[in-house]
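This report covers strand pairing, nonpolar cores and the surroundings of selected residues. The sequence and structure come first.

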Amino acid sequence: MSLKVTVSGKPIAVRPVTYDNQALFCVDFEEKGNASVSKDLPKASAVMITALLTKSQWSRLKKEVEDKGEQVSKAEFMIEGDVTVDMPMDIVEGEIGVICSQATYTPGETKGGERKTEKHRLKQERKKEGSQRPEKKFNVNDKKARLHAEYDGVCQDCGQHCDKKVMAIKERNGKEVVVCFDCAYGEKPRFSVSVKFVELLAFKTGMSMQESQKHLEEFPSSYAFIHLDKKTKTRTYWSWDPHHPILKVTYNRKGYMMDLHIRKNALLPTTLLELPLSDLWIPEHYAEPNPKKIEGHMTYYREHHSFDEPVLAQKKDGKCVLMDGYSRYVAAKKMNHETIKVEMQGEMSVTN
Ligand SMILES: [Zn+2]
């Protein structure tokens with residue numbers, strides 16, 4: 001049996017994607033839980049939910065919004081569907097995926113009463129329609145999906161948790177089983193963790209360097225291998241555990257970590273400041289950044305009048321130590337800037 005959910009509100013993002021050669025739309029929501037539950041119960045956690053809509057479902061919603069003279073970016077929707085947990089993370093960016101069976105535009109956002117009536121009306125309508133369900137395009141009951149489910153998504157050679165997209169069917173002891181892409185084709189690189197990412201994780205979460213290193217080293221073998229880019233051979237690993245500080249990690253073909261996503265609930269609070277460049281202290285082990293990277297940041301700055309991201313710094317022994325964004329810092333220096341936007345960890349009073 002599938003789990004049905006309803007998400008409603010203003011989406012935080014709408015993204016066109018391609019899945020199984022189908023053009024689809026991902027609509028991301030952030031759900032914070034119901035305010036009317038009893039005080040005695042614990043609070044529901046904030047969850048990001050990605051609803052998957054067909055192109056025609058999305059076009060219909062968009063048209064309804066436009067016909068009302070509203071902007072799509074401000075419109076609210078209600079989406080009902082079945083929960084999926086085995087879609088690749090580049091499609092379902094949220095913690096939970098929902099395969100849309102019913103999508104509705106819910107105009108009249110501000111007044112709670114009206115909203116309720118609208119929702120109530122929709123509910124009643126649906127009751128009348130009975131239990132007819134739209135066709136399920138995603139539950140392709142192919143052999144791999146069946147075996148993937150049968151073996152809980154675990155490689156029968158090495159025990160790696162995997163999305164079915166990075167698994168292959170192989171024969172073991174006269175039986176067909178699923179094994180990971182690496183065991184099937186012998187392509188697993190040696191993963192390495194650079195100091196930069198250890199520092200970044202420690203900085204952003206407040207964990208010790210040792211703890212951060214351990215988390216990063218264990219990550220690809222402890223959690224799920226969910227995506228492999230056939231062309232570039234970049235691979236992504238994802239943690240399903242909502243209490244694990246790391247959400248996902250991407251490695252290049254050589255096994256070097258390229259990208260680290262930390263779970264929102266693991267992040268320490270930060271303050272955004274504009275600081276004089278001379279106030280930042282640069283750790284000695286920082287290598288001179290790649291000139292192309294610096295040039296890229298300078299071009300970006302000239303076009304947007306700001307960098308794509310602030311640099312990260314932390315107050316240590318009375319100094320503002322730069323933790324990430326050295327190439328932006330160098331670019332700012334080259335452009336003779338006096339100050340730079342800094343995301344500062346912890347308490348920090350603004351002087352001057
Ligand atoms: Zn394996």
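## Basis and strand pairing

Two strands count as paired if DSSP finds at least two bridges between them. Strands themselves are DSSP runs of E, at least two residues long, numbered from the N terminus. The structure is a predicted model, in which local features need pLDDT of at least 70, side-chain atom pairs count only at pLDDT 80 or more, and totals for chains, interfaces and linings use all residues. Residue numbers start from 1 along each chain as its sequence is written.

Strand 10 (residues 235-238) pairs with strand 11 (residues 246-251) in the antiparallel sense, over four bridges. Within this pair, Tyr 237 stands opposite Val 249 of strand 11.

An open sheet of four strands runs in the order 9-10-11-12, with antiparallel pairing. Its edges are strand 9 (224-228) and strand 12 (257-262); each has a single partner strand, so one side of each is left without a neighbour in the sheet. From one strand to the next, the twist averages 20 degrees (axes are lines fitted to C-alpha atoms, and angles run from 0 to 180 degrees between N-to-C directions).

## Nonpolar cores

A nonpolar core is a set of buried Ala, Val, Leu, Ile, Met, Phe, Trp, Tyr and Cys residues joined through C-beta atoms within 7 Å. A residue is buried if 20 or more other C-beta atoms lie within 10 Å of its own, exposed if 12 or fewer do, and partly exposed in between, with C-beta atoms placed from the backbone.

Which members of the largest nonpolar core touch the most other members? They are Cys 180 and Tyr 237, out of 44 residues. Another core, of 17 residues, lies apart from it and includes Val 7, Val 27, Val 98 and Ala 103.

Two residues are in contact if their C-beta atoms, placed from the backbone, lie within 7 Å. Leaving aside neighbours within four places in sequence, the contacts of Tyr 237 include Phe 219, Tyr 223, Phe 225, Lys 248 and Val 249.

Ala 313 belongs to strand 15 (residues 311-316). Ala 313 is buried because 28 other C-beta atoms lie within 10 Å. Val 342 is 29 residues from Ala 313 in sequence and 6.5 Å away in space, C-alpha to C-alpha. Beyond four places in sequence, Ala 313 is in contact with residues including Leu 280, Val 321, Val 342 and Met 344.

Lys 170, in strand 7 (residues 167-172), is partly exposed because 15 other C-beta atoms lie within 10 Å. Leaving aside neighbours within four places in sequence, Lys 170 contacts Val 177, Val 179 and Ala 184. Lys 170 and Asp 157 are 13 residues apart in sequence and 10.0 Å apart in space, C-alpha to C-alpha.
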